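Subject: Structure for you to look through, with notes

Dear colleague,

I am handing over the structure below, and my notes on it follow. Please read them with the structure open beside you.

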Amino acid sequence: MALTALDRRLLGWSAAFVISQANIIRLLGPVAPRLAEIQTARSARDYTAILDGMTDSDTARYRSHYYPDFVHPLIYAVALRTGARRLAELTPLSPRTQRVLAAAPVISAAGDYAENVVGLHLLSHREHITDAVVRTTSAVSVTKWVLALGALGYLSQGFVRVWAGKLFSR
């Protein structure tokens, strides 16, 4: 079976996602686990404690990840939307499911951008770290992850079903 133009775009955007994610992980290095802690902090005190626990080198690594992370949401949103379009070509999806799979990556990416702007700002302006800001940013982070991973999970199970159907129908 030959790859369609949409298959090639999906493969390209998926590869770009993997490369982008690997680069962000590389930049973060040993600080990577702190990212999840910061993104899910429940209070200004917790957020500040995480930042205070970083050395100057750790903080520089953490700050450096933001710059490629201003491109990363676009990459994963396009990859997920392309995957949704391809899955819809291969198997029937309700119009509602198609709308959700089209919207979820965009909303997730928008949340990621907002989170990045706030996070980068708070690194330089710690006096702006408040419980309200931290809780709001954490809510945006969790929502971003739920939407992106939910879309990925739905697409993954859909593609597995399509591929299994093709494999076992031979």
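This is a predicted model: local features need pLDDT of at least 70, side-chain atom pairs count only at pLDDT 80 or more; totals for chains, interfaces and linings use all residues.

A residue is called buried here if its relative accessible area is under 20%, exposed if that area is over 50%, and partly exposed in between, with a 1.4 Å probe and protein chains only. By that rule, buried residues make up 37% of the 170 residues in the protein. Residues are numbered from 1 along each chain as its sequence is written, and side-chain values use heavy atoms, with hydrogens and water left out.

The overall picture

The secondary structure comes to seven helices and zero strands, where helices (H or I, at least four residues) and strands (E, at least two) are DSSP runs numbered from the N terminus. The C-alpha trace spans about 60 × 30 × 25 Å along its principal axes. If contact is taken to mean heavy atoms within 4.5 Å, then among the contacts between residues at least 6 apart in sequence, 83% join residues at least 24 apart.

Helix 6 and helix 7

Two packed helices are described by the angle between their axes and the distance between the axes. The axes here are lines fitted to C-alpha atoms, for helices over the stretch in contact, and the angles run from 0 to 180 degrees between N-to-C directions. On that basis the axes of helix 6 and helix 7 come within 8 Å and cross at roughly 145 degrees. The residues that make this contact include Leu 101, Ala 104, Ile 107 and Glu 115 of helix 6, and, from helix 7, Val 140, Lys 144, Leu 147 and Ala 151. Taken together, the residues of the contact divide into twelve nonpolar, five polar and three charged, counting Ala, Val, Leu, Ile, Met, Phe, Trp, Tyr, Cys and Pro as nonpolar, Asp, Glu, Lys and Arg as charged, and the others, Gly among them, as polar.

Salt bridges

A salt bridge is counted where a side-chain nitrogen of Lys or Arg lies within 4 Å of a carboxyl oxygen of Asp or Glu, and by this rule the count comes to five.

Another salt bridge joins Asp 7 to Arg 86, with the closest N and O atoms 2.5 Å apart. Because Asp 7 lies in helix 1 (residues 5–28) and Arg 86 in helix 5 (residues 72–90), the pair ties together parts that are 79 residues apart in sequence. Asp 7 counts as buried at 11% relative accessibility, and Arg 86 counts as buried at 6%. Asp 7 and Arg 86 are also linked with Glu 89 in a network of salt bridges.

Arg 126 and Asp 52 form a further salt bridge, their closest N and O atoms being 2.4 Å apart. This pair links distant parts of the chain, with Arg 126 in the loop between helix 6 (95–124) and helix 7 (131–168) and Asp 52 in helix 3 (residues 44–52), 74 residues apart. Arg 126 counts as partly exposed, at 32% relative accessibility.

In helix 4 (residues 56–66) the buried residues are Asp 58, Thr 59, Tyr 62, His 65 and Tyr 66. They cover an arc of only 120 degrees around the axis, which puts them on the same side of helix 4; the arc is that of the directions from the helix axis to the C-beta atoms. These buried residues pack against helix 1, helix 2 (32–39) and helix 6. Thr 59, for example, has a relative accessible area of 18%, and, leaving aside its neighbours within four places in sequence, Thr 59 is in contact with Met 54 and Leu 123.

In helix 2, Leu 35, Ile 38 and Gln 39 are buried. Seen down the axis, the buried residues of helix 2 fall within an arc of 90 degrees, so they line one face of the helix. They pack against helix 1, helix 3, helix 4, helix 6 and helix 7. Ala 32, also in helix 2, is partly exposed with a relative accessible area of 24%. Ala 32 and Asp 58 are 26 residues apart in sequence and 9.7 Å apart in space, C-alpha to C-alpha.
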